[in-house]
Amino acid sequence: MSSEFFLPDPEGHVPSAEGYFGAFGGTFIPEALVAAVDEVAAEYEKAKADPAFAAELNDLMVNYTGRPSALTEVPRFAREAGGARIFLKREDLNHTGSHKINNVLGQALLTKRMGKTRVIAETGAGQHGVATATACALFGLDCTIYMGELDTERQALNVARMRMLGAEVIAVKSGSRTLKDAINEAFRDWVANVDRTHYLFGTVAGPHPFPAMVRDFHRVIGVEARRQLLERAGRLPDAAVACVGGGSNAIGLFHAFLPDTGVRLVGCEPAGHGIETGEHAATLTAGEPGILHGSRSYVLQDDEGQITEPYSISAGLDYPGIGPEHAYLKDSGRAEYRAVTDDDAMRALRLLSETEGIIPAIESAHALAGALELGRELGEDGLILVNLSGRGDKDMDTAARYFGLYDTDAAVEADTDAAGAEIEGDAK
Amino acid sequence: MSGNIQLLSDALAAARAEDRSALIAYLPAGFPTVDGGIEAAKAVFDGGADIVEIGLPHSDPVLDGPVIQTADDIALRGGVKIADVLRTVREAHAATGKPVLVMTYWNPVDRYGVERFAAELAEAGGAGCILPDLPVQESATWREHAAKHGLATVFVVAPSSKDARLAEITAAGSGFVYAASLMGVTGTRASVGAEAQDLVRRTKATTGLPVCVGLGVSNAEQAAEVARFADGVIVGSAFVKRLLAADGDLAAGLAGVRALAGELAEGVRKRS
């Protein structure tokens, strides 16, 4: 497969035929979905072998998404990183404002190939939902987005964007009313409507082939960044850093660097109020192997296999699971994962905004905080690549409340604690 | 002690000998309380159920509709544990001598320990397990331990299952085959899926195991309709609805599920 942006199946890193990355992955799904998931896997294999598929996707990536995305050095921000140089891979500059569009366009083309006319998707921060609604508008597909009720409140702008694009947004009221519950509801829809519906899964989790397929659509991030950084800095980075919720932007960044054993791959998980408080969503730091949403990976759960409710200020990272390839990379030692608190992420968000004129998504701010910490560890010669996976427009209400940026009390309503007490309280 | 797979097969054979379908009732453990759930299981046996499936509630029941989600939520908020589920199986079986299975999602079993769960379920007098998110290709470990402890592995088949796949599933399963009447999650429906009869026919072409139909069956008329072509009729949400409708009045709830079991037991005897 030779094409500029669609770069599937790097040799040696594909999962097994059964979809396993070591002990993780697999296909833990109801029988009613087996035929549909098999169809996705078969169609994806055919698409990979079809030059017309790659050509169409490449055209979209250039002329619709705006690839390649920029690589931006951020020296003023890096002053707080112990003298290390920091470069940002600007996935926030993609159409729709995040990396999510890479995967969505690939799967939307696949949906057309399968002759399906309806797409469903889950969304946390709303970025995957917006990207999916966008692709459905572009291709004339019916679109239903499931979103936890809590997330529809804290990401209200993205709900409006999805509706503007013609999608139906369903607020999910069960469980913790966040991403996990949105996925449950999307699976229920899929089982009932599988004939005409494709579940356009938004991260590198779920049953095989989703972890490998979604990764393939995002590999372009790392491939571009590696080439850009070699040109600009003359060498590979000491570390490639990304936030991890389900793990799609991180796997997209990491994959091109897997053979470069000198490059540390660092995933930043949401520590919420701190791991010790139990109010976090740091699956690889504090979870145990288990099955959630179709595959075996690390999961936040109790001793009896009940999934525990996660917490993060970031809707996009507020998830008790993680893609199986990350579980494999963690156990093999090739990647490392550290946890970043809400407060550290918000500090990094504000710092990047004020020093570089770039407002990142709260999700991506976890990676920025991790990069500051890594920079201080690496010292003056350090070179760090960060995936800036999304822009922060959607987070302005959360950030304004957190930092007390609104002029009037009315804008903050009953929120007496400017440090975001209402938002945090709702997330319990 | 070995599990009661034989008791399960005998119950299905006895129904067949009477030229009727078996009535299989589903009730979640811990709902409305652990003791209330045990009484509910005894009540549906008393009303005429041949077999009971005890649900082990899960935080993320992706195959369940709103009724069973609500019951699971009540049970989990009430603090139901796997030990309570096993006690429910033990007491429901001990009081009636009838076959009791567990139905749950794979993660609780995986997390509890596959060998430990199978051993304890068999010891409690359980007859087997239904694990609807454990497809046949991922099931080897479970089946090994289930077989060792005399437990049935009941697989679900769906209208979307192709014939070759049905053969693979039924070759690996034991006890009976659970045929989903329609493409969807649990919950009562106005009518049973038209695809059910075709699925039973295609499934029976691959196996001598009894084939029982579930999803969407809620009343005697539907039970009679399904009984014409299936070896068993599985009813879940309709029982849970009766308990929910009693709104905390356990005696009324038990009377409700006993009465429904009685109506359905008549239904499965009107197959022609």
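What follows is a set of exercises, each with its solution.

This is a predicted model, in which local features need pLDDT of at least 70, side-chain atom pairs count only at pLDDT 80 or more, and totals for chains, interfaces and linings use all residues. Residues are numbered from 1 along each chain as its sequence is written, while chains are lettered from A and ligands numbered from 1 in the order in which they are written.

**Exercise 1. Work out whether the radius of gyration of chain A agrees with that of a compact globule.**

Step 1: The radius of gyration is taken over C-alpha atoms, and the globule rule is 2.2 Å times the number of residues to the power 0.38.
Step 2: For 428 residues, a compact globule would come out near 22 Å; chain A has 20 Å, so the two agree.
Step 3: As a side check, buried residues (20 or more other C-beta atoms within 10 Å of their own; exposed means 12 or fewer, partly exposed in between; C-beta atoms are placed from the backbone) make up 63% of chain A.

**Exercise 2. Find how helix 5 and helix 7 of chain A are oriented to each other.**

Step 1: Helices are DSSP runs of H or I with at least four residues, strands are runs of E with at least two, and both are numbered from the N terminus.
Step 2: The axes of helix 5 (residues 127-139) and helix 7 (residues 156-164) of chain A come within 9 Å and cross at roughly 10°.
Step 3: That makes helix 5 of chain A roughly parallel to helix 7 of chain A, as angles under 35 degrees count as roughly parallel, over 145 as roughly antiparallel, 65 to 115 as roughly perpendicular and the rest as oblique.
Step 4: Helix 5 of chain A brings Gln127(A), Gly129(A), Val130(A) and Ala133(A) to the contact, and helix 7 of chain A brings Asn158(A), Arg161(A) and Met162(A). Contact here means C-beta atoms, placed from the backbone, within 7 Å.

**Exercise 3. Are Glu53(B) and Asp64(B) buried or exposed?**

Step 1: A UniProt "active site" annotation (unreviewed entry) covers Glu53(B) and Asp64(B); such annotations may be inferred rather than shown by experiment.
Step 2: Glu53(B) sits in strand 2 (residues 51-55) of chain B, and it counts as buried because it has 27 C-beta neighbours inside 10 Å.
Step 3: Asp64(B) is in the loop between strand 2 and helix 3 (66-77) of chain B. With 26 C-beta neighbours inside 10 Å, Asp64(B) is buried too.

Note on methods
Axes are lines fitted to C-alpha atoms, for helices over the stretch in contact, and angles run from 0 to 180 degrees between N-to-C directions. Two residues are in contact if their C-beta atoms, placed from the backbone, lie within 7 Å.
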